[in-house]
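Hello,

Here is the structure for your set-up work. My notes on it follow below.

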Amino acid sequence: RAVAMSVSHSSRLNKLVREQYMRLPQDGRVQVTYVWIDGSGEGVRCKSRTLDKEPKSIEDVPEWNFDGSSTAQAEGSNSDMFLVPVCMFRDPFCLDPNKLVLCEVLKYNRKPAETNLRHTCKKVMDLVKDSHPWFGMEQEYTLLGINGHPYGWPDNGFPGPQGPYYCGVGADKVYGRDIVESHYKACLYAGVKICGTNAEVMPSQWEFQVGPCEGIEMGDHLWMARFILHRVCEDFGVVATLDPKPMTGNWNGAGCHTNYSTEEMRREGGLKHIEAAIEKLSKRHDYHICVYDPRGGRDNSRRLTGHHETSNIFEFSAGVANRGASIRIPRQVGQDGYGYFEDRRPAANCDPYAVTEAIMRTTVLNETGVETKDYAAH
């Protein structure tokens, strides 16, 4: 009974009845779900409309609008915001030919909304495209019951200490695998570049990885993977939180480790380029910490304590195979002399556009200090 009470009411509706309607033909018309990032910089919103025929490219999807005063993005007196389609995916919930479309948000004057961090990221990625930056991001998240308590944890207590849960198997080791596998399949169907998943160190905590993605594609695919995760969790009646430290005490936090390389790092002898990039990052630690969570580092300060496989938020460190460092060079990369490195500092609730943009500004555009350059004139 305790477990049953921790899931939402909607999840208990008869899904077989829904299935009957989902099988009805659409007569060539298509349902397009527009997805965007709201004023929190963390939440995603969506709404749907009908198109007369299946869009073959993003150009076939019209701009739309929404009430920004209801998403903390505008005043009620001037509330219309523009939704500009930027990336299209297959819809794993309503199935082909229906689509999910990720959108940028513009204000009434066509300037980017405050939480539209894609806009500047795209400019920077266009500037550095000749370096062919590849990213892979490891999204950790925690499953919560509708009561806000980690899903599957005892109602009035805690599970046994960490140890048996990471990559675990068995009903006493992992909670919610159905959600994880449904999310994985839904991402594959959608065309999201999901590349793996595993149970994490804290029970009820999981991770999926997206990549390799080049340039702006990293943010696009991770945001859509997050939307799909929240939507899958809705069907199962639980909540996925990206909070970087959902449980205080002796439990692991949640990050979004970011793997990165340029073309020259991936070539023979690339290790010297990796080391040069890490050297640049070491001199700009404060700037990166500031953009690696939505609250200027305050969220990450709860997680980056120097314990539980993290570095200390106040110190920059790097090492081969060191999970307690800010930057980890994988052992294989150290042996091969080329490859990629992992920035372990981004929080689980980071904006991937902000993270990837910051890495390019520092390592390729050679920016220093806490100020960023405006490349609009170039």
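Is R345 buried or exposed? The model is predicted, and in it R345 is buried, because its relative accessible area is 0%, under the 20% cut-off. R345 sits in the loop between β13 (341-343) and α11 (352-363). Its side chain makes a polar contact of 3.0 Å with the side chain of D343. Beyond the neighbours within four places in sequence, the contacts of R345 include H285, H288, Y292, R303 and F316.

Salt bridges come next: the whole structure has 24.

- E54 and K99 pair through their side chains at 3.0 Å, N to O. E54 is in the loop between β2 (44-51) and β3 (64-67) and K99 is in strand β5 (residues 99-106), 45 residues apart. E54 is partly exposed at 28% relative accessibility, whereas K99 is buried at 7%.
- R231 and D235 have their closest N and O atoms 3.0 Å apart. Both lie in helix α5 (residues 217-236), about one turn apart.
- R302 and D243 form a salt bridge of 3.0 Å, N to O. This pair links two loops, 59 residues apart. R302 is partly exposed at 35%, and so is D243 at 24%.

On the surface, V17, Y21 and L24 form a nonpolar patch with about 300 Å² of accessible area together. V17 lies in helix α2 (residues 15-22).

Lastly, an unreviewed UniProt entry annotates residues 30-110 as "domain: GS beta-grasp". In the model that span is 0% helix and 48% strand.

Regards

Key
Residues numbered from 1 in each chain as written. Predicted model: local features only at pLDDT ≥ 70, side-chain atom pairs only at ≥ 80, totals over all residues. Heavy atoms only, no water. UniProt positions renumbered as here; feature names shortened; annotations may be inferred. Helix = DSSP H or I, 4+ residues; strand = E, 2+ residues; numbered from the N terminus. Buried < 20%, exposed > 50% of the residue type's maximum accessible area, 1.4 Å probe, protein only. Polar contact = N/O pair within 3.5 Å; in protein donor to acceptor, adjacent residues only side chain to side chain. Contact = heavy atoms within 4.5 Å. Patch = residues over 30% accessible without salt bridge, like charges linked within 9 Å, V, L, I, M, F, W, Y side chains within 5 Å. Areas by Shrake-Rupley, 256 points an atom, 1.4 Å probe, with all protein chains shown as cover. Salt bridge = Lys/Arg side-chain N within 4 Å of Asp/Glu carboxyl O.
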